[in-house]
Amino acid sequence: MSSPDPQVRAARNPSTSPAIRGPVIAVTGAASGVGALLTERLAASEEVKQVIAIDERRGECAAAQWHILDVRDPAIAEKLRGADAVVHLALDLDLGSDASARTAYNVRGTQTVLTAAAAVGVHRVVLCTSSMVYGALPDNELPLSEDAELRATAEATGVGDLLEIERLARRAPRAHPGLNVTVVRPAVLVGGTDTALTRYFESPRLLVVAGSRPAWQFCHVEDLVGALEYAVLEKVEGELAVGCDGWLEQEEVEELSGIRRMELPSAVALGAAARLHRIGLTPSPAGDLAYTMYPWVVSGSRLHDAGWRPQWTNEEVLAELLEEVSGRHTVAGRRLGRKDATAAGAAGATVALLGTAAVVRRVRKARRRI
């Protein structure tokens with residue numbers, strides 16, 4: 001009687017199974033959000049030998065080796081020792097964060113991770129920014145290639161941090177020969193996220209600036225996780241843009257969402273947004289409006305050429321986003337309570353924006369009385 005096939009013997013006796021020869025991968029920001037999803041995915045992959053999970057608290061992935069620390073701590077170098085690659089996802093993009101503290105965390109954290117990785121012989125670091133770094137401009141091509149110039153400014157929430165991270169990514173291989181840095185840039189990210197762009201769909205009316213040409217492209221977090229896995233396993237090289245195939249015109253978004261538009265002149269919309277933010281009534285600066293006015297759709301050609309495909313369509317992601325934000329009420333980026341939302345729904349978002357001048361006057365009078 002012949003002996004069983006080696007694969008059959010291994011299945012019967014796991015202790016004889018060959019050790020996984022894949023890379024050891026470290027993930028920062030591994031306890032929540034995209035980092036938690038990626039950690040679980042890599043830990044379950046037959047292509048990965050081990051996952052090192054780094055965060056300020058322990059996450060739920062029992063298969064990962066956890067280290068609890070702030071990514072700005074130089075001690076992270078020892079935690080990365082033995083890793084072949086790092087995916088750095090410990091970023092603060094919270095709308096409620098203090099802007100200067102957020103920048104200090106995001107930029108210093110990225111600098112520390114890049115320096116530490118190079119010091120202990122990690123050969124690849126994957127960073128995640130956003131397709132917002134291309135800028136939302138009326139003359140943008142549809143779609144933009146990955147090699148398109150980064151023309152964004154620091155006027156939108158967190159974009160200044162992302163541009164600085166992009167600069168660090170470009171400089172790192174020159175400062176640390178042998179270190180490969182890949183940047184992944186998702187479109188409007190949906191799936192447990194809270195951004196100025198997802199809050200756009202919490203409004204009673206969709207603000208449309210007269211003369212603008214919006215084009216909406218989404219990226220589901222599951223597709224972003226798949227793209228990050230491709231990047232860290234070296235299945236694709238270079239700067240990578242990731243999102244659903246194609247885009248939706250504003251009219252399609254309105255038809256699919258069932259939310260009617262509110263069209264305002266550019267000067268009124270931008271002026272109101274700037275004043276509301278300046279007096280602290282809304283978390284979003286006027287620069288966020290550009291991303292609802294002009295296209296910043298990306299092709300994702302490098303990932304496609306490597307064999308990656310999005311599992312979600314723009315229509316499907318929009319439907320999930322609308323389900324997520326159901327019951328939330330936002331005007332000009334400010335999330336309202338139930339009582340405020342009832343008033344806003346009755347008065348309309350137009351009144352909320354066009355009444356900005358009156359709000360500013362009341363605030364100024366109150367300040368003079370103090």
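**Exercise 1. The lining of the largest pocket**

Sort the residues that line the largest pocket of this predicted model by class, then find where they come from.

*Solution.* Start with the classes: the lining of the largest pocket has 24 nonpolar, 12 polar and eight charged residues. Next, take the volume, which is about 1,100 Å³. Then go to the middle of the pocket: 44 residues line it, and Leu 91, Leu 93, Leu 189, Thr 193 and Thr 195 are the closest to its centre.

Now turn to the secondary structure. Helix H2 (33-43), helix H4 (99-119), strand E7 (188-190), helix H6 (196-199) and helix H7 (221-232) each give the lining at least two residues. H2 has the largest share, with four residues.

**Exercise 2. The second largest cavity**

Find which residues line the second largest cavity, and describe them by class.

*Solution.* First, count: the structure has two cavities of 30 Å³ or more. The second largest cavity has a volume of about 40 Å³. Next, list its lining, which is made up of Pro 214, Ala 215, Trp 216, Tyr 291, Thr 292, Met 293, Tyr 294 and Trp 296. Finally, classify these residues: seven are nonpolar, one is polar and none is charged.

**Exercise 3. H2 against H7**

H2 and H7 both contribute to the pocket lining of Exercise 1. Work out how these two helices pack, and which residues meet.

*Solution.* Begin with the geometry: the axes of H2 and H7 are 10 Å apart, at an angle of about 55 degrees. The two helices are therefore oblique to each other. For the handedness, the crossing of H2 with H7 is right-handed.

Then look at the side of each helix that faces the other. H2 brings Val 34, Leu 37, Leu 38, Arg 41 and Leu 42, while H7 answers with Val 221, Glu 222, Leu 224, Val 225, Gly 226, Leu 228, Glu 229 and Val 232. Sorted by class, this contact holds nine nonpolar, one polar and three charged residues.

While you are in H2, stop at Ala 36, which is found in this helix. Set aside its neighbours within four places in sequence, and Ala 36 is in contact with Gly 29, Ala 30 and Ala 31. Cys 61 is 25 residues from Ala 36 in sequence, with 7.6 Å between their C-alpha atoms.

**Exercise 4. H4 against H5**

Decide how H4 is oriented relative to helix H5 (residues 159-175), then describe their contact.

*Solution.* Take the angle first: the axes come within 10 Å and cross at roughly 15 degrees. That angle makes H4 roughly parallel to H5. The crossing is right-handed.

On the H4 side, the contact is made by Arg 102, Thr 103, Asn 106, Val 107, Thr 110, Gln 111 and Leu 114, and on the H5 side by Asp 161, Glu 164, Ile 165, Leu 168 and Ala 172. By class, these residues divide into five nonpolar, four polar and three charged.

**Exercise 5. H8 against H11**

Describe the packing of helix H8 (residues 250-257) and helix H11 (residues 314-325), from axes to side chains.

*Solution.* The axes of H8 and H11 come within 11 Å and cross at roughly 50 degrees. H8 and H11 are therefore oblique to each other, and H8 passes H11 in a right-handed crossing. For the residues, Val 253, Leu 256 and Ser 257 in H8 meet Glu 315, Leu 318 and Leu 322 in H11. The class tally for this contact is four nonpolar, one polar and one charged.

Definitions and conventions. Residues numbered from 1 in each chain as written. Predicted model: local features only at pLDDT ≥ 70, side-chain atom pairs only at ≥ 80, totals over all residues. Heavy atoms only, no water. 1 Å grid on protein atoms, 1.4 Å probe; cavity = no way out; pocket = protein on both sides within 12 Å on 5 of 7 lines; lining within 4 Å. Points joined across faces, edges and corners; volume = space filled by probe spheres on them. Nonpolar A, V, L, I, M, F, W, Y, C, P; charged D, E, K, R; others polar. Axes fitted to C-alpha atoms, helices over the stretch in contact; angles between N-to-C directions. Parallel < 35°, antiparallel > 145°, perpendicular 65-115°, else oblique. Left-handed = near helix turned anticlockwise from the far one by under 90°. Contact = heavy atoms within 4.5 Å.
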